[in-house]
Amino acid sequence: METELEQQQYVDAASQNRIEALKGSEATNLPMLPPASETEEQWQRIGRQISTFLAQLPEYIGRFYQEYKLPIISFALLVITVTVLRVFLAVLNAINGIPLVSPILQFIGLGYTVWFTFRYLLKDSTRQELVAEIRLLQKQILGRQESQT
């Protein structure tokens with residue numbers, strides 16, 4: 001049961017007239033092919049537009065970067081910070097999953113907290129020593145001494 005639709009004639013790409021594609025079709029629903037020259041001109045026009053856009057793309061990107069430099073850098077730093085924090089928490093969670101490591105690390109942290117409290121926070125003279133060390137560290141890092149209040 002083959003359909004007996006035959007091609008009436010071959011499509012001539014150089015022809016300016018529309019050509020009927022199938023024989024035996026109704027006149028109202030005949031598939032028509034557009035003239036080939038219009039299609040070629042249209043493709044050439046689209047190709048020129050694409051090539052013009054691609055040629056100007058570095059300029060567009062440069063202008064966009066200059067206009068939105070601070071938000072782009074802020075967003076990149078935010079993404080990097082969140083990524084580093086997630087990796088750090090994943091490593092910490094993996095370390096806590098190892099038996100006996102978590103209690104040992106908690107014991108070390110508790111011991112350091114007790115030592116720091118007795119060493120720097122109980123006496124007035126040791127608190128002043130701690131403040132002096134913090135100011136010295138600020139001066140070394142910032143290159144200038146902060147105003148003393």
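Phe-53 is partly exposed, because its relative accessibility is 44%; the class lies between buried, under 20% relative accessible area, and exposed, over 50% (1.4 Å probe, protein chains only). This is a predicted model, in which local features need pLDDT of at least 70 and side-chain atom pairs count only at pLDDT 80 or more, whereas totals for chains, interfaces and linings use all residues. Residues are numbered from 1 along each chain as its sequence is written, and side-chain values use heavy atoms, with hydrogens and water left out.

The whole structure contains six aromatic pairs. Rings of Phe, Tyr and Trp (its six-membered ring) pair if their centres lie within 6.5 Å; planes under 30 degrees apart are stacked, over 60 edge-to-face and the rest tilted. Phe-53 and Tyr-60 make a tilted pair, with 6.0 Å between centres and 40° between planes. Tyr-60 is also partly exposed, at 34% relative accessibility. Trp-115 and Tyr-120 form an edge-to-face pair, because their planes stand at 90°, with the centres 6.2 Å apart.

One aromatic cluster is made up of Tyr-112, Trp-115, Phe-116 and Tyr-120. Within it, Trp-115 is partly exposed, with a relative accessible area of 44%, whereas Tyr-120 is buried at 10% relative accessibility.

The charged end of Arg-119 sits over the ring of Tyr-120, 4.6 Å from the ring centre. For this description, NZ of Lys or CZ of Arg must be within 6 Å of the ring centre and within 35 degrees of the ring normal.

## Salt bridges

Three salt bridges are counted, each requiring a side-chain nitrogen of Lys or Arg within 4 Å of a carboxyl oxygen of Asp or Glu. Arg-119 takes part in one of them with Glu-129, the closest N and O atoms being 2.9 Å apart. This pair links distant parts of the chain, with Arg-119 in helix 3 and Glu-129 in helix 4 (residues 124–142), ten residues apart. Arg-119 is partly exposed at 29% relative accessible area, and Glu-129 is partly exposed at 31%.

Another bridge joins Arg-63 to Glu-59, at 3.4 Å from N to O. Both residues belong to helix 1 and are four residues apart, about one turn of the helix. Arg-127 and Asp-124 also form a salt bridge, with 3.8 Å between the closest N and O atoms; these two lie in helix 4, three residues apart, again about one turn.

## Chain architecture and confidence

The chain has four helices and zero strands. Helices (H or I, at least four residues) and strands (E, at least two) are DSSP runs, numbered from the N terminus. Of the 149 residues in the chain, 6% are buried. Among contacts with a separation of 6 or more, 0% are between residues 24 or more positions apart, a contact being heavy atoms within 4.5 Å.

Mean pLDDT for the chain is 82, and 71% of the residues score at least 70; pLDDT is the predictor's confidence in each residue, from 0 to 100. Confidence is lowest in helix 1 (residues 36–67), at a mean of 88, and highest in helix 2 (residues 69–96), at 95.

## Leu-100

Leu-100 lies in the loop between helix 2 and helix 3 (101–121). Although not a glycine, Leu-100 has a positive phi of about 70°. Leu-100 is exposed, with a relative accessible area of 64%.
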